[in-house]
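Good morning, colleagues. Please take a moment to look at the sequence and the structure on the screen, and then I shall go through them with you.

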Amino acid sequence: VGAKVEKLIKQALETEHISVQRTGIGSDYELEYDFIENGQEQGLVVGKYLLEVKSTSADSVRMTLSQGNNAANPPSEYVGYILCVCPVNSDIVTEDDIKIGARFMFDISSAIKEALDSGNALQNMESTLKGAGDHGVRLELGQSPKRLRVSRDAWVHGIDFNGAVSQLKHLAGGADTTLKSNVSLS
């Protein structure tokens, strides 16, 4: 279901003239708004965003510390990091379901800061402790990666799909957020 939700979000954003490119570890996509005026692409004033898409049938989603670190400190070529949470109730999900239910958190970096700092400190402490051993006895720690849990209470107040599209277009330098769908993309 997660891959299908990512594909549907990508399609929905591309329909709105937002360029969506696959990234690597720490995010799913990079977003850039291709503002078209008089049939020509205009330069992007603000820059690109990283987007992490999470689908869930539960009351929370989880982010790896790598995703959290990218959210808190995006690489310099990116303006920010957006978490998109898509609640799903079954394996059958449509683009309309996604547009209605998706919530975009443009401020995810501030929301996760305290938990991320604690997670990074714990991971560093574990690395130090794993190396400590005396007389053939070592401390064995859990092998599972640390994760950040983002609850429904946090993401339910995120921006809906149409609001996120408007926000991205607005941040791209005051572009006309009423861009009509029949504009030529030649």
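Predicted model: local features only at pLDDT ≥ 70, side-chain atom pairs only at ≥ 80, totals over all residues.

Of the contacts in the protein chain between residues at least 6 apart in sequence, 68% join residues at least 24 apart. The secondary structure of the chain comprises six helices and eleven strands. The chain has 186 residues, and 35% of them are buried.

Let me turn to confidence. The average pLDDT of the protein chain is 81, and 78% of the residues score at least 70. Among the elements, strand β8, residues 103-105, has the highest mean pLDDT, at 96, whereas strand β4, residues 40-41, has the lowest, at 52. Over residues 174-186 the pLDDT stays under 50. For that stretch the model has 21 contacts beyond four places in sequence.

Now to the cysteines. How many disulfides does the structure hold? The count is zero. The cut-off for a disulfide is a pair of cysteine sulfur atoms within 2.5 Å. Seen from Cys86, the closest cysteine sulfur is likewise that of Cys84, at 3.7 Å. Are these two residues buried or exposed? Cys84 counts as buried because its relative accessibility is 0%, and Cys86, at 1%, also counts as buried.

Technical notes:
Residues numbered from 1 in each chain as written. Heavy atoms only, no water. Buried < 20%, exposed > 50% of the residue type's maximum accessible area, 1.4 Å probe, protein only. pLDDT = per-residue confidence, 0-100. Helix = DSSP H or I, 4+ residues; strand = E, 2+ residues; numbered from the N terminus. Contact = heavy atoms within 4.5 Å.
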